[in-house]
Amino acid sequence: MRLGCRPATNLVRAGAAWLALALAAGQWPELTDVWLYAGAALALLALFDLGRVRALALPTAERELAHNLSIGVWQGVSLELHNPGDEALTVAVYDHVPEGFVGENLPSGGRVRARGFLRLAYRVKPEARGDAHFPGLDLRLASPWGWWRREIWLPLPESVRVYPNFAAVAQYALLATDQRQGSLGV
């Protein structure tokens with residue numbers, strides 16, 4: 001499981017506001033103390049929020065899908081995220097679909113309440129036959145104030161088999177039989 005934290009948009013905006021205050025302090029020296037105190041407060045709040053995002057309980061996940069898929073047919077996939085912690089999580093999820101698959105409605109996400117779960121759905125369409133493997137999920141947890149993003153790789157291996165679309169073959173055989181009977185006058 002890979003872990004990492006990155007600044008989110010809210011922290012970048014706060015840093016930009018602090019830099020704008022630095023420019024103002026360059027023009028008006030009486031703002032220098034305000035700029036210094038604002039910088040110290042920003043740093044302390046950012047570190048506090050970083051500590052909070054690192055203390056969040058990591059969610060667990062389950063994936064539900066058919067183990068036999070047909071080429072060229074959209075198939076629904078369900079992900080269920082479980083939050084074992086006492087704090088709600090805001091999460092974005094990207095499921096790594098196998099090579100040769102087309103995914104729809106990814107990334108997805110939402111809010112998982114404390115000790116609750118969130119069910120997400122998306123679709124895949126395999127484009128080649130054979131064995132296919134889903135390796136895992138990329139999760140992005142937002143810190144409580146939204147200043148940091150905690151990025152997590154969650155291994156969730158699953159294998160599926162992809163077969164030709166026998167339903168389409170049966171439909172063509174039925175159509176051929178129907179046309180043959182029409183040409184015989186039946």
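Colleague: Where is Trp145 found?
Modeller: Trp145 sits in the loop between β9 and β10. Keep in mind that this is a predicted model.

Colleague: Is Trp145 buried, exposed or partly exposed, and what puts it in that class?
Modeller: Trp145 is partly exposed, because its relative accessibility is 36%.

Colleague: Which residues make a nonpolar surface patch with Trp145?
Modeller: Leu45 and Phe48 do. Together with Trp145 they make a patch of about 290 Å².

Colleague: Tell me about helix α2. How far apart are its end C-alpha atoms?
Modeller: They are 35 Å apart. Helix α2 has 24 residues, 32–55. At 1.5 Å a residue it should span 34 Å, so the two values agree.

Colleague: Which residues of α2 are buried?
Modeller: Gly39, Leu42, Ala46, Asp49, Leu50 and Val53.

Colleague: Why would buried positions be spaced like that?
Modeller: An α-helix has 3.6 residues a turn, so residues three or four places apart point the same way.

Colleague: New topic. How many salt bridges are there?
Modeller: The structure holds 11. One of them pairs Arg63 with Asp95. Their closest N and O atoms are 2.9 Å apart.

Colleague: Which parts does that pair tie together?
Modeller: Arg63 lies in strand β2, residues 60–64, and Asp95 in strand β5, residues 89–95. So the bridge ties together parts that are 32 residues apart in sequence.

Colleague: Is Arg63 buried or exposed? And Asp95?
Modeller: Arg63 is buried, with a relative accessible area of 8%. Asp95 is buried too, at 0%.

Colleague: What does Arg161 pair with?
Modeller: Arg161 forms a salt bridge with Asp131. The closest N and O atoms are 2.5 Å apart. Arg161 is in strand β10, residues 148–163, while Asp131 is in strand β9, residues 130–142, so this bridge ties together parts 30 residues apart in sequence.

Colleague: How accessible are those two?
Modeller: Arg161 is partly exposed at 34%. Asp131 counts as exposed at 52%.

Colleague: And what about Arg140, what is its partner?
Modeller: Arg140 forms a salt bridge with Glu151, with the closest N and O atoms 3.5 Å apart. Arg140 lies in β9 and Glu151 in β10, so the pair ties together parts 11 residues apart in sequence. Arg140 is partly exposed, at 39% relative accessibility.

Colleague: Let's switch to Asn83. Where is it found?
Modeller: Asn83 is in the loop between β4, residues 75–82, and β5. Asn83 counts as buried, at 3% relative accessibility.

Colleague: What does Asn83 touch?
Modeller: Beyond residues up to four places away in sequence, Asn83 touches Ala88, Leu89, Val112, Arg113, Ala114, Arg115 and Gly116. A polar atom of the Asn83 side chain lies 3.5 Å from the backbone oxygen of Val112.

Colleague: Last one, Ser70. Which strand does it lie in?
Modeller: Ser70 lies in strand β3, residues 68–70. Ser70 is partly exposed, with a relative accessible area of 25%.

Colleague: What is Ser70 in contact with?
Modeller: Leaving aside neighbours within four places in sequence, Ser70 is in contact with Pro126, Val162, Tyr163, Pro164 and Asn165. Take Pro164: Ser70 and Pro164 are 94 residues apart along the chain, yet their C-alpha atoms are separated by 5.5 Å.

Technical notes:
Residues numbered from 1 in each chain as written. Predicted model: local features only at pLDDT ≥ 70, side-chain atom pairs only at ≥ 80, totals over all residues. Heavy atoms only, no water. Salt bridge = Lys/Arg side-chain N within 4 Å of Asp/Glu carboxyl O. Helix = DSSP H or I, 4+ residues; strand = E, 2+ residues; numbered from the N terminus. Buried < 20%, exposed > 50% of the residue type's maximum accessible area, 1.4 Å probe, protein only. Polar contact = N/O pair within 3.5 Å; in protein donor to acceptor, adjacent residues only side chain to side chain. Contact = heavy atoms within 4.5 Å. Expected span 1.5 Å × (residues − 1). Patch = residues over 30% accessible without salt bridge, like charges linked within 9 Å, V, L, I, M, F, W, Y side chains within 5 Å. Areas by Shrake-Rupley, 256 points an atom, 1.4 Å probe, with all protein chains shown as cover.
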